[in-house]
Amino acid sequence: MTAVGLRERKKEKTRLALLDAALDLFLEQGYDATTVEQIAGVVDVSPRTFFRYFSSKESIPLWFHEQGEETMTETLDSRPADEPAFTSMTHALRAVIHDMQGSTPEDTERFLKLRKLFETNPALVGKSVARGTAAELRLTEIIARRRGADPADQLSHLIVAWAMATMRVGFECPYEPTNIRAIVERMEQTLAIAENSLKPGWDT
């Protein structure tokens with residue numbers, strides 16, 4: 001194990017500890033009542049250290065968006081340039097699903113806590129929608145560039161919107177999941193329905 005490897009493992013351990021502390025506090029005493037100082041205190045680090053890992057308290061409930069967008073962007077960048085746009089988007093979506101399939105029991109617990117947090121905090125749902133909308137715009141820019149189109153191109157927007165809507169339907173059902181496997185299976189089923197519903201070449 002190299003020194004760099006040890007440092008990275010320690011950083012990841014601290015990040016997850018802060019995430020776990022925040023989710024527990026959010027559910028125990030409420031999102032609005034929880035402060036960065038309290039979260040940092042549970043992990044026995046300073047607020048300054050907290051901001052090395054998270055840009056704000058608000059970024060914690062949105063960590064799934066951030067991870068998902070990063071995975072999708074990296075996948076799109078790796079796809080063949082001449083691949084149909086919606087096909088590239090489905091590969092990006094399946095990369096996110098693949099990450100979810102590799103979740104540990106601890107990841108599953110965090111995920112379910114996050115869902116519960118959104119269910120009890122309507123204001124956070126609005127922030128999640130806004131974050132998702134911003135992500136879709138960035139993904140649309142990538143798709144438009146791959147198609148050699150202007151970022152305002154309607155078809156590029158529709159390709160991304162259709163793909164992300166498919167993801168949302170799969171993600172939101174079943175409404176009371178007990179594990180990530182159930183969500184992953186639903187997402188795969190919904191994605192297959194979307195692919196089978198479209199005429200080849202519609203995205204060109």
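Predicted model: local features only at pLDDT ≥ 70, side-chain atom pairs only at ≥ 80, totals over all residues.
The chain contains nine helices and zero strands. Its order along the sequence is accordingly written α-α-α-α-α-α-α-α-α. Along the principal axes, the C-alpha trace spans about 55 × 40 × 35 Å.

Two domains are assigned. Domain 1 comprises residues 1-55, and domain 2 comprises residues 61-197. Nine residues from domain 1 and ten residues from domain 2 take part in the contact. The C-alpha centres of domain 1 and domain 2 are 25 Å apart.

An unreviewed entry gives "domain: HTH tetR-type" for residues 12-72. This span is 70% helix and 0% strand. Its end C-alpha atoms are separated by 21 Å. The record, again an unreviewed entry, also lists a "DNA-binding region" at residues 35-54. Residues 35-54 are 75% helix and 0% strand. The end C-alpha atoms of that span lie 13 Å apart.

Two helix pairs were examined, and α8 belongs to both. Helix α5 covers residues 85-101, and helix α8 covers residues 154-172. The axes of α5 and α8 are 10 Å apart, and the angle between them is about 30°. An angle under 35 degrees counts as roughly parallel. The two helices, α5 and α8, are therefore roughly parallel to each other. Their crossing is right-handed. On the α5 side, the contact is formed by A85, F86, M89, L93 and V96. On the α8 side, the partners are I159, V160, W162, A163, M164 and M167. The contact of α5 with α8 holds eleven nonpolar residues, with no polar and no charged ones.

The second pair joins α8 to helix α7, which runs over residues 122-147. Here the axes come within 8 Å and cross at roughly 130°. That angle makes α7 oblique to α8. The crossing of α7 and α8 is right-handed. From α7, the contact draws on E136, L137, L139, T140, I143, A144 and R147. These residues meet L155, S156, H157, I159, V160, A161, M164 and R168 of α8. By class, the residues of the contact of α7 with α8 are nine nonpolar, three polar and three charged.

The contact of α5 with α8 has no charged residues, whereas the contact of α7 with α8 has three.

Methods. Residues numbered from 1 in each chain as written. Heavy atoms only, no water. Axes fitted to C-alpha atoms, helices over the stretch in contact; angles between N-to-C directions. Helix = DSSP H or I, 4+ residues; strand = E, 2+ residues; numbered from the N terminus. Parallel < 35°, antiparallel > 145°, perpendicular 65-115°, else oblique. Left-handed = near helix turned anticlockwise from the far one by under 90°. Contact = heavy atoms within 4.5 Å. Nonpolar A, V, L, I, M, F, W, Y, C, P; charged D, E, K, R; others polar. UniProt positions renumbered as here; feature names shortened; annotations may be inferred. Domains from an automatic or database assignment.
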